[in-house]
Amino acid sequence: MQTDIRLGTFDLDASPPMNHSLCGGWITPVVGQDDPLRLRGIVILGADAPIVLASLDWTGVLNESHRLWTEQLAEAAGTTPDRVALHCVHQHNAPFIDHEGNRLLREAGADRLLFDEPFVADLMAQSAEAVGAAVRAAVPVDRLGVGAAEVTQVACNRRVIGPDGKIQYTRTSATRDPAARAAPDGTIDPMLQSLSFYREGFPVARLYYYTTHPMSYYGDGRVSADFVGIARANRSADEEGTLHLYFTGAAGNVTAGKYNDGSPENRPILASRIYQAMASADATAEDHPLDHLSWTTVPIEFNPREDLDLDRLKAIVADPNASTVDRNRNAMTCAWLMRLETKRPILLGRLDTNANSVLHLPAETFVEYQLYAKSLAGGVPLAVAAYGDGGPWYIPLERSYAEGGYEPSVSWVSTMSEPMYKSKIEELIRKS
């Protein structure tokens with residue numbers, strides 16, 4: 001039994017400056033801000049070496065960028081990088097960073113880079129300072145709250161399959177086609193889960209997990225944490241002094257498109273539905289003593305998608321006549337392929353308490369992997385945070401490639417990845 005667990009919190013403004021690239025540089029750059037982007041997290045002490053869990057309101061942090069950031073946070077916490085889980089919420093009016101991709105673009109003279117390197121370097125340094133301060137200010141926590149509530153009329157599966165087994169409709173975050181919106185929800189995980197850490201009856205931190213792309217609309221250059229950020233801010237207003245974190249689950253093929261046509265007035269409506277589930281999950285949470293907490297990892301080495309050719313993609317990045325989206329997206333793909341050559345794996349993580357587990361996954365994992373993980377959990381409440389290391393982009397199912405659609409076309413992993421990925425998830429869940 002562990003009785004000496006302490007917890008520190010940190011919270012930074014991670015909003016980019018004016019004219020900074022958003023979503024990799026292929027949508028309108030920053031022209032203003034509707035609400036701030038946050039980098040929030042907790043440091044857990046007393047369960048072997050410190051554990052850092054962080055949630056960032058950005059589109060993605062990939063490859064070398066993810067490595068560099070987790071290494072800085074680990075050093076600040078006095079731990080090792082494998083015990084740092086840095087996840088993005090995946091809003092799109094937000095930065096999307098990859099150091100190697102940026103280097104390729106810069107060397108090619110591209111005029112819209114993925115991100116501003118001094119800004120990111122400064123934020124990394126600020127976050128490391130904040131983690132160090134969180135360690136010094138950590139307080140004992142003695143109880144857990146483990147809750148769940150169903151979210152209605154937010155998530156739907158974005159891939160509607162027709163009678164021929166191919167994609168009939170793709171429901172993006174904002175979907176206007178009445179026929180696409182009329183199709184059933186499809187495969188989703190409707191449950192929002194919460195994990196709260198208490199000190200003498202007071203909630204020090206609450207962590208929320210829900211599975212959908214978190215955008216109501218984007219592309220207008222207005223920085224925003226969107227509807228999940230608004231819900232989180234409203235929940236924070238309820239409980240002054242409590243840190244509220246939000247993690248996006250395995251939402252690679254899940255959006256709000258069935259319930260959202262992109263009208264600005266829908267953003268607060270979606271936010272209200274998420275907020276109500278947060279409040280309900282907390283109000284009905286089961287109370288447990290905090291008797292055990294541990295962290296486990298399993299490495300995974302994906303193979304690249306079979307038709308990707310590094311030299312051909314580098315040529316697109318270097319082509320001044322290619323579009324910004326083609327140059328920037330392929331710069332990220334090149335960075336992934338270069339990373340695979342080094343054999344540096346991605347780490348899958350699992351946080352365990354005596355009352356629940358949380359699975360930490362990379363990139364835009366499809367929701368079926370989350371549901372598979374839950375089927376293995378043996379009745380133990382299991383939440384999922386995805387969008388960790390974003391290097392692979394989408395991680396679909398094997399059948400998805402034959403079905404077609406957008407997601408397989410921007411997946412950088414082998415079409416045969418599903419059995420290996422599931423086996424690694426099972427290994428992680430079974431690992432003692």
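In this predicted model, strand S13, covering residues 191-199, and strand S14, covering residues 202-210, are joined through seven bridges and pair in the antiparallel sense. One point at which this pairing can be followed is Ser-194, whose bridge partner in S14 is Tyr-208.

These two strands belong to an open sheet of five strands, arranged in the order S16-S14-S13-S9-S18, and the pairing within the sheet is mixed. The edges are formed by strand S16 (243-248) and strand S18 (286-289), each of which pairs on one side only. If direction is ignored, neighbouring strands of this sheet are turned against each other by 20 degrees on average. Across S14 and S16 lies helix H5, made up of residues 226-238, and the helix runs at about 160 degrees to S16.

Helix H1, residues 63-77, can be checked for its length: at 1.5 Å a residue, its 15 residues should span 21 Å, and because the C-alpha atoms at its ends are 21 Å apart, the expectation and the model agree. Which residues of H1 are buried? They are Asn-63, Ser-65, His-66, Trp-69, Thr-70, Leu-73, Ala-74 and Ala-77, where buried stands for a relative accessible area under 20%. Around the helix axis these residues cover an arc of only 160 degrees, and therefore they lie on the same side of H1. After H1 comes Gly-78, which has a positive phi, near 75 degrees.

Terms used: Residues are numbered from 1 along each chain as its sequence is written. This is a predicted model: local features need pLDDT of at least 70, side-chain atom pairs count only at pLDDT 80 or more; totals for chains, interfaces and linings use all residues. Side-chain values use heavy atoms; hydrogens and water are left out. Helices (H or I, at least four residues) and strands (E, at least two) are DSSP runs, numbered from the N terminus. The expected span of a helix is 1.5 Å times one less than its number of residues. Buried means under 20% relative accessible area, exposed over 50%, partly exposed in between (1.4 Å probe, protein chains only). The arc is that of the directions from the helix axis to the C-beta atoms. Two strands pair if DSSP finds at least two bridges between them. Axes are lines fitted to C-alpha atoms, for helices over the stretch in contact, and angles run from 0 to 180 degrees between N-to-C directions. Contact means heavy atoms within 4.5 Å.
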